[in-house]
Amino acid sequence: MAKLKDLEQLREEIEQCVKCGACRAHCPAFGAEHREGRVARGKIALAKAVLDGEVGFEKKVIEDLSQCLLCGSCCASCPNKVPTEEIVAAARRRLAEEQGLSTFGQGVATVLGHPQLMNTLAKTGGALAGVLFKKLPDNSGLRLRFPVPYLKSDRTMPPLTDRPFRERVPEVIEGQPGQPTVAFFTGCGINYMYPAIGEAFLKVLQFLGVTVIIPKDQACCGLPAVSAGAGATVEKLAEQNLAALSRRPVDFVVTACASCNAGLGKIYAEMGEEFEPLAKKTKDIFVFLAEHGLPEKLAALPKPAQRVKVTYHDPCHLRTRGITKEPRLILKSLPQVEFVEMENAGTCCGLGGTYSVYHYEHSKRIGAKKAGFIAASGAELVATDCPGCIMQLQDSINHAGGGARAVHILELLADALP
């Protein structure tokens, strides 16, 4: 049975923090506000104080614990590799156990925990998009026409689809003999907001002759529920996805979303030994493509006279797990792309799941820095490997008045293929 660690089970990791302050240079929340309670060592100190009974969940403690994007940037640079994101998530779960979920957290848990409800809400939103949203120029997103709880009216949103991706495609798409069979874990962003990314995924894998299985009963990976402190929902979703992705024998479970990759490949792996085979099979799409010879195939494609200048944003959930070279390898192999590396490509975009809902002004501050790096690169497109990052990047670019467009690498890849 799926089981997340509680705060007490992380005591040893908490005590590994020596308060050196190395995390200060890498924490996006601290960079936006420069307050000690916002930085990793401050949150770890709070978690220890809660464990030791020195403080309860007073308003100030709750506020500081909410100011974390769970990006893992601090752990990646920590000399003792203290997993702040796990500790903060566990502290939020304890808060929910003692005081209940916030109103927004309850909404997250209810919607994610009931996929049919999520499907209905998404379809309704897609059908009413023309009424609820106004279109921004140059296909750079939508803005709300009317106030909506928890969403600012100046926030850029992608349109919801009234026909989710998984309803557009068959469950099994046969490939060529001798090629691997993969399960495509679509995630919510591709299924409900960016179905074109899913279609690009299928085009690329069909080009390689891969058999693709798209389980209809897969659910959200659970990362938004992790962020909200809804532990029971995360565990329920993990069990549902394990069943959905284990029904047919597959060689790999492939993701095209950094957060989904971290959910299946990292968080699930720590929830019980029954999840270990799934975690080992989980691969990011660009790791899979690099391992199966796509760069060499791309090198053989004709190169157009005009190329588009593209830069790359590292999603935190890939960068902190060491997946950085493969997306760049694919981008550099695309015949129509002139790749340019931007400064600080690996800094957080500022989304952070529920962080950008609770703390949108701080999220915008973090995003503004990223928008500046994109503009300085001179790129027309900023490509990434995470639908959530695409949404946040485009919002940040729009607020900065920039002309770049955020896209998924798969969209560029599909355009290059015959």
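Pro-295 is found in helix 18 (residues 294-299). Helices here are DSSP runs of H or I with at least four residues, strands are runs of E with at least two, and both are numbered from the N terminus. The model is predicted: local features need pLDDT of at least 70, side-chain atom pairs count only at pLDDT 80 or more, and totals for chains, interfaces and linings use all residues. Residues are numbered from 1 along each chain as its sequence is written, and side-chain values use heavy atoms, with hydrogens and water left out.

Pro-295 is buried, with a relative accessible area of 11%. Buried means under 20% relative accessible area, exposed means over 50%, and partly exposed lies in between (1.4 Å probe, protein chains only). Leaving aside residues up to four places away in sequence, Pro-295 touches Leu-289, Ala-290, Leu-329, Ile-330 and Ser-333. A contact requires heavy atoms within 4.5 Å. Glu-326 is 31 residues from Pro-295 in sequence, and their C-alpha atoms are 9.8 Å apart.

Aromatic pairing was examined next. The whole structure holds five aromatic pairs. Rings of Phe, Tyr and Trp (its six-membered ring) pair if their centres lie within 6.5 Å; planes under 30 degrees apart count as stacked, over 60 as edge-to-face and the rest as tilted. The ring centres of Phe-165 and Phe-184 are 5.9 Å apart and the planes stand at 70°, so this pair is edge-to-face. Phe-165 lies in helix 10 (residues 165-168) and Phe-184 in strand 4 (residues 181-185), so the pair ties together parts 19 residues apart in sequence. Both Phe-165 and Phe-184 are buried. Phe-184 also pairs with Phe-201: the centres are 3.6 Å apart and the planes at 5°, so the pair is stacked. Phe-201 belongs to helix 12 (residues 195-207) and Phe-184 to strand 4, so this pair ties together parts 17 residues apart in sequence. Phe-201 is buried, as is Phe-184. Phe-165, Phe-184 and Phe-201 form one aromatic cluster.

At the level of the fold, the protein chain contains 24 helices and 11 strands. Its radius of gyration is 21 Å, close to the 22 Å that the globule rule gives for 418 residues, so the chain is as compact as a globular protein of that length. The radius is taken over C-alpha atoms, and the rule is 2.2 Å times the number of residues to the power 0.38. The C-alpha trace spans about 65 × 45 × 45 Å along its principal axes. Buried residues make up 58% of the 418 residues. Among contacts between residues at least 6 apart in sequence, 76% join residues at least 24 apart.
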